[in-house]
Amino acid sequence: MTAILRLDDVHTDIAQYRVLHGVLLDVPEGGVHVLLGRNGAGKTTTLRTVMGLWRTRKGAIVFRHHDITAMRTPDIARLGIAYVPENMGIFGGLTVEENMRLATATGAFDKNRLARIFALFPAIEKFWTTQAYALSGGQKQMLAISRAIVERRDLILIDEPTKGLAPAIIRNMIDAFRDIAQETTILLVEQNFLFAKALGRGVSVIDDGRIIHRGPMADLAADADLQTRLLSLSAEAH
Amino acid sequence: MHRQQLATTIDRVGGVYLLPLALAAIALLFIAPSTWATLTVAGLAMGMMIFLMASGLSLIFGLMDVLNFGHSAFVSFGAFIAASVLAALGAWLAGDSVVFNMLALFAAIGAATAFGAVAGWAFERVIVKPVYKDHLRQILITMGALIVAEQLILVIWGGVPIPVARPRILTGSLIVGDVSIEIYRIFAFLLGLAVYVALHLTLNRTRLGLLIRAGVENREMVEALGFRIDRLFIGVFMAGSALAAMGGAMWAGYQGMINPALGSELMILVFIVVIIGGLGSIQGSLLGAILVGLMANYVAFLMPKMSLASNMLLMMAILLWRPYGLKPAVKG
């Protein structure tokens, strides 16, 4: 399968700290690819480096046929990559509608897509004219994801969407992600292994700024010892 | 519980927007009604002129996180350029023709505003751009630029205060009962109001405004959505500088006599307005400016020596009550 995104020996420093030490990552086109790892392993830095929010010291990032290593963040986004950061990046002073409108290329909504988003996340329609700061954590996460899919993107980078969410909302998210992954590739950073297992087709495990494992999610899900060794966690722990 | 109910009720009827009314009502207890009316109009006019200067600074603070101590240079240049244009068009001002009077006035304000925009562009590119994300350097370099700008004014216009001609149609007062209202003050108020409405509509009804409001909250996310925030920065900086110069031009006509320190002197009030209004908020700037204008006029009448100090005290009181100002832009 062809890779939609390829990180080749990517090194990223944040101030004086060397965080990524030669990340090699292929994200195949279609479905959900999960990037797993412990706290501080370099997951968020990897996503931010792809978006150009941190600069690589060495290595190359290729999205489709574009070398995006040195591109500016807005130019990377306009190639068709959406980013849902860990803090969700919601504009609290803007209404839900304004948050969504900002993510469209022309300011106009595609009614069919909007209807699909409302079906996935009814709260978005319910709170359409509400200022986003008034939403709950789960609703903000729904808004962040809705914003990423308000127009068709080729790749969505999502950073720990289940963090702090109630189990019922997480189940809702799983259904939504399955639906979204029908048309878009998702690179999902996650610590919640149950969530990752339910969605991921492929998985890469990062530790100390290097990819230490890659393969089908089914293999990792079936091997508890491997999980413990790679992640210091097990399915039962979550 | 009762306190909460009271707070909810106050919010429902206007919240912090009631503060200027409350201030005016308190002043009315101490000042005769006709004098109070004159002072209130003067306060509103002064507030609107300060709003012109403060709104740009607030947006520059809020969106770009830039502490621009050189903002007052645009105020000063605006004042001097307007004074020069008005002097050059003296014949138009002196006549009875409303058309020529207005043409001269708008030429002066337009020249000042256009200069502010162009100089703002140069200032952002040369002075501010290299020091984004570094507040200490921003303070140092913009203060340095301010000193250079003030010296330039001395070189061009000299150190002697210069008189500012006022169009004939804006001289004199309206007498309503026993209340006297200067026509220039009414004009200043209306111009400030028009600018506020234009800014409000731009920020709330246009895509550009949406981007600016979003950028005030989270620049990184605006970029991640595909927008060049650096271009937005230049536009906002130019608009902010242009508004400061427009405010300076209006202030020149209001004072009738200007000196090179005018900008620096006003900057204290402008910073107070930005701080009490809340960073990055146009409504906050308007509210803060009106409060400061009213307070300055009432107190200057009651206790002249306390005029500036009263606004300092107002700022302290508001910050103790609302540490982020009255109407800050929502962050995150």
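## Reading the model

Residues are counted from 1 along each chain as written, and chains are lettered from A, with ligands numbered from 1, in written order. Because the model is predicted, local features need pLDDT of at least 70 and side-chain atom pairs pLDDT 80 or more, while totals for chains, interfaces and linings use all residues.

## Chain A overall

Chain A has 10 helices and 10 strands (DSSP runs: H or I of at least four residues for helices, E of at least two for strands). Its C-alpha trace spans about 45 × 40 × 35 Å along the principal axes.

Of its 238 residues, 46% are buried, meaning 20 or more other C-beta atoms, placed from the backbone, lie within 10 Å of a residue's own.

## Where A meets B

Here, 18 residues of chain A are in contact with 17 of chain B (C-beta atoms, placed from the backbone, within 7 Å). On the chain A side, helices H2 (73-78) and H3 (96-102) each supply at least two residues. The largest share, four residues, comes from H2(A).

## The core

The largest nonpolar core holds 184 residues; such a core is a set of buried Ala, Val, Leu, Ile, Met, Phe, Trp, Tyr and Cys joined through C-beta atoms within 7 Å. Helix H3 (residues 33-64) of chain B gives the largest share, 19 residues.

Leu157(A), Ile50(B) and Ala82(B) have the most contacts inside this core. Beyond neighbours within four places in sequence, Leu157(A) touches residues including Leu47(A), Tyr83(A) and Leu187(A).

Terms used. Buried ≥ 20, exposed ≤ 12 C-beta atoms within 10 Å, placed from the backbone. Contact = placed C-beta atoms within 7 Å.
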